[in-house]
Amino acid sequence: MGQRGGRRRVGLALAGGGPLGAIYEIGALCALDEALPALDFTALDGYVGVSAGGFIAAGLANGLTPRQLCASFIENDGREDDVFEPSLLLRPAWGEYACRALSLPGLVAQAVTQYASGRRSLLAAFERVGRALPAGVFSGAPLEAQLRRVFSAPGRSNDFRTLARTLVLVATDLDSGEAAPFGRPGFDHVPISKAVQASAALPGLFPPVEIDGRFYVDGALKKTLHASVLLEQGLDLLLCLNPLVPFDATHAPHRRVLADGEPRIPRLVDGGLPVVLSQTFRSMIHSRLELGMKGYGVSHPDTDIVLLEPDQRDAELFLANTFSVSQRRHLAEHAYQRTRALLRSRRTVLNRQLARHGLALDDAALDDPQRVLVSRHRVRRSRGARALKRLEEVLNDLDAAIAGA
């Protein structure tokens with residue numbers, strides 16, 4: 001059972017979000033691990049992960065604690081075989097480039113023939129040449145190879161069927177558009193490392209992953225969270241983490257700068273196309289998540305579902321490059337501290353839910369101002385600033401408790 005007391009069935013669902021999503025989830029999980037000492041996050045009853053969340057879920061199911069994941073992915077410090085170099089995600093897909101380049105002469109010849117024969121217009125004829133464009137920029141093979149080494153270490157497994165816990169990694173079948181729940185019967189013969197690669201193959205960035213003659217891409221194309229694959233097992237408590245939320249610039253603090261010295265963007269349109277596209281993407285996937293959460297509440301009323309995600313006013317996470325790893329130490333610390341603050345501000349309601357499963361938040365851990373994740377130098381705040389922040393958390397907790405009463 002997930003709880004050390006063995007009373008209730010507890011599961012964990014992790015959404016995607018690229019490297020930034022993995023960084024956020026590691027920081028948030030470290031905060032949760034400290035705040036819930038009676039819960040062993042490497043021994044839950046089930047895990048489901050999508051895209052970057054699949055990477056984290058597979059590590060937890062293999063016995064890697066949140067702190068060990070932080071050491072490997074954030075700090076590059078730990079067992080030699082476990083150290084994850086972020087540069088693995090940025091290796092060009094040379095094989096994909098070569099394969100497409102070889103097809104280019106034939107495609108050009110076909111286009112010229114069709115146009116010359118009058119069967120197609122010039123534009124229509126040369127649309128065929130677009131098939132020579134690579135299906136992805138970066139290769140997912142180095143990621144798969146590294147995970148294969150990590151999960152093949154003694155005491156771990158790269159085989160879903162030999163894991164002590166239920167693990168489901170969701171990808172999308174490119175040709176049918178259907179979800180592929182790797183780890184479930186019929187999909188459990190695929191190596192875990194290969195399933196992570198398929199689930200994280202974001203179209204345009206990574207080529208589709210071939211498995212048993214079919215091609216798979218990012219699982220988030222179908223759903224944001226895919227929590228239903230665990231809820232169907234009759235869980236009592238499901239913890240969910242979603243790293244990507246739309247940014248609310250209308251209520252975000254102004255006249256401040258980010259940690260790297262860059263000024264905040266008062267209006268998203270001022271950020272240009274990248275910021276507009278980021279907001280659009282986040283809004284789309286979050287609206288799906290909201291609908292899904294409402295549906296889970298109706299279809300599984302006996303399961304308590306706790307969703308944790310960033311504050312929509314948090315510019316640090318929104319303006320960070322989703323695929324950047326250069327700021328991972330700062331962002332992991334930020335996610336850790338913001339999750340601790342979120343738990344404090346929802347303490348009353350959360351304890352009410354957790355109590356039904358023999359769990360409770362550790363007040364001493366949550367209220368300890370000295371706790372840090374990876375920062376070597378703690379940011380010092382004035383006594384007045386700390387008092388105002390604590391007052392805000394207490395008022396938020398009170399509002400949530402009144403609303404849920």
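**Nonpolar cores and aromatic pairs**

In the predicted model, the largest nonpolar core comprises 76 residues, and those with the most contacts inside it are Ile56, Leu167, Leu169, Phe182 and Ile192. Helix H1 (residues 18-35) supplies the largest share of this core, 11 residues. Apart from it lies another core, of 19 residues, which includes Ala13, Leu230, Leu289 and Met293.

Within the largest core, Phe182 is one of the residues with the most contacts. When neighbours within four places in sequence are left aside, Phe182 is in contact with Phe160, Leu167, Val168, Leu169, Ala171, Phe187, Val190, Ala195, Ala198, Ile211 and Tyr216.

Six aromatic pairs are present in the structure. The pair formed by Trp94 and Tyr97 is edge-to-face, because the ring planes stand at 90°, with the ring centres 5.5 Å apart. Both residues belong to helix H4 (residues 94-116), where Trp94 and Tyr97 are three residues apart, about one turn of the helix. Trp94 is exposed, with a relative accessible area of 59%, whereas Tyr97 is partly exposed at 25%.

The rings of Phe247 and Phe318 have their centres 4.9 Å apart and their planes at 15°, and the pair is therefore stacked. Phe247 is located in the loop between strand E7 (237-241) and helix H9 (272-299), and Phe318 in helix H10 (residues 315-318), so the pair ties together parts that are 71 residues apart in sequence. Phe247 and Phe318 are both buried.

Notes
Residues numbered from 1 in each chain as written. Predicted model: local features only at pLDDT ≥ 70, side-chain atom pairs only at ≥ 80, totals over all residues. Heavy atoms only, no water. Core = buried A, V, L, I, M, F, W, Y, C linked by side-chain atoms within 4.5 Å. Buried < 20%, exposed > 50% of the residue type's maximum accessible area, 1.4 Å probe, protein only. Helix = DSSP H or I, 4+ residues; strand = E, 2+ residues; numbered from the N terminus. Contact = heavy atoms within 4.5 Å. Phe/Tyr/Trp six-rings, centres within 6.5 Å; stacked < 30°, edge-to-face > 60°.
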